[in-house]
Amino acid sequence: MDGIIQIVFFLVLLAIGVFAGRANERRHYRELEQAEEDLRDVAVSAGRAPDDAGMFSSGKLVVGSVVIAEDFFKRVAAGLKSLVGGNIRSYETLLERGRREAIVRMKQEARRVGATHVVNVRLETASLSEDWSGRQPMFSAEFIAYGTALTRRA
Amino acid sequence: MELTTLETVPGKTITRHLGLVQGSTVRSKHAGKDILAGLKNIVGGELKSYTALLNESRTEAVDRMVEQARDAGANAIVNIRFSTSNIAAGAAEVMAYGTAVVVS
């Protein structure tokens, strides 16, 4: 009996992951594309300040961050995939979404302070799902994007 | 206080180097929020309460770094970097560090 309950519970979680998780992911991708389109005029670079740095008034630190978690379906899919090795597509999309979201939020902050460029951008990822109790928790990670926002001198 | 990830402050020159300054916070997740996040984990997606928590921690880490720089007599911090690490179950450290300088 216990076994049956466990299997039913597993299938329910899996179904939620498949439907809600996928719908979530599709919506997030649409929102990201929209936001990236809107923020196209904010130039972002991982390089140093442009040569004409004198054109800009002094910079301001801007940060964007997000904590994103896997759903149950992604976890099962990743578990199965790691039996044979290779790309784990379900995690690739998760990490990509997190990173793009962090960059979008950083650009939004840059726009709020009236900047047109963000230079010397750094990306940081930290896993938040380590658990000392020994059980394997659901994977979640924090993504940060930060850089120096430059505003053109009036 | 000018804060930047660049090696210099645009439009200004560094006149003095005052060395490394850093600020950090260790914060634990709120038990209630942790349970909600656990539920959210079934469907995946953003954990908004954690995003907010880590943002608050980062603001505080930056404030502490700025305070340290001010004590040293700096008016800018250049080359700022952030890092986050999970140090124990349910607790995360957020650190900010950079080079304190005097610019004019």
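Guide: The expected span of a helix is 1.5 Å times one less than its number of residues. Helices (H or I, at least four residues) and strands (E, at least two) are DSSP runs, numbered from the N terminus. This is a predicted model, where local features need pLDDT of at least 70, side-chain atom pairs count only at pLDDT 80 or more, and totals for chains, interfaces and linings use all residues. Residues are numbered from 1 along each chain as its sequence is written, and chains are lettered from A and ligands numbered from 1 in the order in which they are written.

Visitor: What span should H1(A) have, and how far apart are its end C-alpha atoms?

Guide: The 37 residues of H1(A) should span 54 Å at 1.5 Å a residue, and the end C-alpha atoms are 52 Å apart, which agrees.

Visitor: Which residues in H1(A) are buried?

Guide: A:Gly17, A:Gly21 and A:His28 are buried in H1(A); buried means that 20 or more other C-beta atoms, placed from the backbone, lie within 10 Å of the residue's own.

Visitor: At what angle do H1 and H3 of chain A pack?

Guide: About 35°, with the axes of H1 (residues 2–38) and H3 (residues 89–112) 10 Å apart. Axes are lines fitted to C-alpha atoms, for helices over the stretch in contact, and angles run from 0 to 180 degrees between N-to-C directions.

Visitor: Changing topic, how many helices and strands does chain B have?

Guide: Two helices and five strands, in the order β-β-α-β-α-β-β from the N terminus on.

Visitor: And how much of chain B is buried?

Guide: 35% of the 104 residues of chain B.

Definitions and conventions: Buried ≥ 20, exposed ≤ 12 C-beta atoms within 10 Å, placed from the backbone.
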